[in-house]
Amino acid sequence: MVTVVGVRFKKAGKIYYFSPGDLKIAAGDGCIVETARGVEYGEIVIAPREVSDSEVVQPLKQVLRSANQEDYERLELNKTRAEEAFRIATEKVVEHKLPMKLLEAEYTLDDSKLIFSFTAEGRVDFRELVKDLAAIFRTRIELRQVGVRDEAKIIGGLGCCGRSLCCATFLGEFEPVSIKMAKEQNLSLNPAKISGVCGRLMCCLKYESQVYEDNKQAFGTCCKGKQVMVDEFYHEMEDESDYYDDLLKEDSIKEVDYQMMVETAEIEKNTIEEVQKKTPKRTSRPKKKRKPKVTAEKRDVKKEREAAPEEKPTDDKAPKKRRRPRRRKPKPRPENKDE
């Protein structure tokens with residue numbers, strides 16, 4: 001077992017182990033350590049503790065000393081100088097017409113090295129640029145090419161969830177993420193929906209991946225390939241008094257029973273469908289023929305005809321009755337002579 005402390009050099013950077021030696025330091029303190037890049041300032045995020053030898057990369061370097069007021073002042077001065085160096089370097093990149101994008105500049109605490117981070121689609125020949133920068137700043141220049149995920153980590157931004165990027169907030173290392181994780185979680189495979197601002201798959205696909213794998217091993221899958229997910233003790237947890245306390249910490253979130261809202265909407269939908277089925281559809285009835293309007297002249301003619309006596313037709317004028325034709329009797333069938 002070895003006693004170590006965890007040191008972080010950036011806000012969401014990787015944690016490195018160092019030996020505390022005889023120093024009395026705690027989490028949150030600043031310290032000065034020697035790294036491959038030179039003497040740097042770091043913050044202790046893991047208090048002294050014992051770990052196994054397999055977790056430590058040998059040789060284990062030691063913390064030089066605790067940070068003092070002079071170190072903090074020098075650190076602020078280096079940040080101001082780095083901003084000026086970044087501006088000058090950007091102008092030089094444009095002057096040399098190099099296909100690269102500078103992201104940040106950083107001085108080591110002892111001013112032994114000036115480090116520039118940049119992104120590019122391919123390899124860039126920046127030898128002339130390094131010569132110009134070394135002549136201007138009179139120190140050792142290092143140009144470090146990073147990927148698109150590191151670019152998002154350095155610049156920062158907002159994700160599709162509305163919060164700051166995980167990589168720029170708390171993620172120390174990038175873990176591998178695959179499209180298989182999205183399939184196992186029944187998520188949309190549309191690249192626009194599962195990709196982050198860096199253009200790669202979102203890091204949060206990894207968060208619940210292990211839970212889905214454990215459920216798959218415990219409960220298996222159904223015949224159609226859909227996973228069977230079981231929420232253990234869900235009702236017991238929901239009945240607790242402090243179930244919604246975490247949600248109510250933000251002012252924008254109110255206490256709402258979402259399950260009840262979903263059930264109510266479903267009941268209203270079913271009720272509307274039943275009412276529509278019961279109400280008979282109106283059939284088109286045939287239009288009635290309108291009687292022609294009787295004018296005043298026709299009305300007078302009709303009254304005159306009713307008032308006049310009916311004239312009986314004479315024998316000459318009387319219509320002749322049609323004679324009904326006589327019905328012929330069917331002829332008898334001839335008898336066979338042989339019989």
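Among contacts in the protein chain between residues at least 6 apart in sequence, what share joins residues at least 24 apart? That share comes to 59%. Keep in mind that this is a predicted model.

**Surface**

**Nonpolar cores**
- As background, nonpolar side chains in soluble globular proteins tend to be buried together.
- Here, the largest nonpolar core holds 19 residues, and those with the most contacts inside it are Met 100, Leu 102, Leu 114, Phe 116, Leu 129, Leu 133 and Phe 137.
- Helices H1 (69–96) and H2 (127–137) each put at least two residues into this core, and so do strands S6 (101–107), S7 (113–119) and S8 (140–145).
- H1 is the top contributor to this core, with 5 residues.
- Leaving aside residues up to four places away in sequence, Leu 102 touches Phe 86, Ala 89, Thr 90, Val 93, Phe 116, Ser 117 and Phe 118.
- There's also a second, separate core of 8 residues, with Ile 25, Cys 31, Ile 44 and Val 63 among them.

**Second largest pocket**
- This pocket has a volume of about 320 Å³.
- It is lined by 19 residues, and the closest to its centre are Leu 165, Cys 166, Gly 196, Met 202 and Cys 203.
- The lining splits into 13 nonpolar, 4 polar and 2 charged residues.
- Helix H3 (148–155) and helix H4 (166–169) each supply at least two residues of that lining.

Notes: Residues are numbered from 1 along each chain as its sequence is written. This is a predicted model: local features need pLDDT of at least 70, side-chain atom pairs count only at pLDDT 80 or more; totals for chains, interfaces and linings use all residues. Side-chain values use heavy atoms; hydrogens and water are left out. A nonpolar core is a set of buried Ala, Val, Leu, Ile, Met, Phe, Trp, Tyr and Cys residues joined through side-chain atoms within 4.5 Å. Buried means under 20% relative accessible area, exposed over 50%, partly exposed in between (1.4 Å probe, protein chains only). Helices (H or I, at least four residues) and strands (E, at least two) are DSSP runs, numbered from the N terminus. Contact means heavy atoms within 4.5 Å. On a 1 Å grid over the protein atoms alone, a cavity is a set of points where a 1.4 Å probe fits but cannot get out, and a pocket is an open set with protein on both sides within 12 Å along at least five of seven lines; lining residues have an atom within 4 Å of a point. Grid points are joined across faces, edges and corners, and a volume is the space filled by probe spheres set on the points. Ala, Val, Leu, Ile, Met, Phe, Trp, Tyr, Cys and Pro count as nonpolar, Asp, Glu, Lys and Arg as charged, and the others, Gly among them, as polar.
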